[in-house]
Amino acid sequence: MRYAQGGGLTDTERAARERIRLQAMERFEGGEKNREIATALRVSERSVERWRRQWRERGEAGVLSKGSPGRPRLGEKQIGRLERELERGPLAHGWEDQRWTLARVKTLIGRLFHVGYTVEGTWALLKRHGWSWQQPTRRAIERDDQAVELWKKEVWPRVKAPRRLGEPGSSSRTKPGRP
C-alpha cells in the first residue's frame with residue numbers, strides 16, 4: 001500500500017491493520033484459500049500470500065506489527081537536557097566557533113542520547129519545540145574596529161588603483177579616444 005505524502009499509518013490505523021492480519025491468520029488455520037481470505041477481508045491477494053508465508057515461517061510473530069517505523073523520538077526530559085546543552089553553546093561541546101548548525105545539533109543529539117536523526121529530522125524536532133533559525137550578525141565577535149580604521153587610513157590608499165582623469169575616450173579597446 002502506498003501512503004499519502006504525510007507518511008505512514010498512525011498507531012490506531014496500524015492496530016486496525018494488525019487485526020486484519022490476525023483474522024487472516026485464523027483463516028489460514030481454518031484451511032481457507034488466499035483468494036477467499038482476500039475477498040472476505042477486502043485486501044489484495046498478494047498481501048494474503050505474504051502474510052501466509054510469514055505465518056508459516058515465524059508463526060504469529062511473523063504476522064504481528066513491528067511497531068512504528070518512525071524515527072526515534074526524544075522524551076520531554078531529554079528535550080529539556082538538549083535545550084540546556086544548546087544554551088551552553090557549541091564551544092562547550094568542542095566546536096571552535098559559536099555557530100549551531102543542524103549538523104552539529106544532530107551530532108550532539110547522537111552523542112548525548114545515542115539516537116540517530118537526519119538533518120531534516122533535527123530541524124523538525126527543533127521547530128516542534130519552539131527553536132528557530134537565526135541569522136548571525138554581520139560583525140564577527142573577534143572584530144577589532146581600531147585595526148579596521150587603521151587599515152582604511154594607511155593600507156587602503158596605497159593599495160587602491162588611482163582614478164582615471166576625466167578625459168574623453170572611446171569604449172572601443174582598439175581605437176583610443178582622439179585628442
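The protein has eight helices and zero strands in this predicted model. Read along the sequence, the pattern is α-α-α-α-α-α-α-α.

Of the 179 residues in the protein, 22% are buried. The accessible surface comes to about 14,700 Å², and carbon and sulfur atoms account for 50% of that area. Among contacts with a separation of 6 or more, 39% join residues 24 or more positions apart.

One feature of the surface is a nonpolar patch of about 330 Å², made by Trp151, Trp156 and Val159. Val159 lies in helix α8, which covers residues 145-159. Is Val159 buried or exposed? Val159 counts as exposed because its relative accessibility is 54%, and the cut-off for exposed is over 50%.

The mean pLDDT of the protein is 83, and 83% of its residues reach 70 or more. The table gives the helices with the lowest and highest mean confidence.

| Helix | Residues | Mean pLDDT |
|---|---|---|
| α4 (lowest) | residues 60-63 | 84 |
| α2 (highest) | residues 34-41 | 93 |

Where does pLDDT stay under 50? This applies to residues 1-6, for which the model has four contacts beyond four places in sequence. Where pLDDT is low, the predicted coordinates should not be read in detail.

Conventions
Residues are numbered from 1 along each chain as its sequence is written. This is a predicted model: local features need pLDDT of at least 70, side-chain atom pairs count only at pLDDT 80 or more; totals for chains, interfaces and linings use all residues. Side-chain values use heavy atoms; hydrogens and water are left out. Helices (H or I, at least four residues) and strands (E, at least two) are DSSP runs, numbered from the N terminus. Buried means under 20% relative accessible area, exposed over 50%, partly exposed in between (1.4 Å probe, protein chains only). Contact means heavy atoms within 4.5 Å. Accessible areas come from the Shrake-Rupley method with a 1.4 Å probe; for residues, only the protein chains shown count as cover. Patches are made of residues with over 30% relative accessible area and no salt bridge: like charges are joined within 9 Å, nonpolar side chains (Val, Leu, Ile, Met, Phe, Trp, Tyr) within 5 Å. A salt bridge is a side-chain nitrogen of Lys or Arg within 4 Å of a carboxyl oxygen of Asp or Glu. pLDDT is the predictor's confidence in each residue, from 0 to 100.
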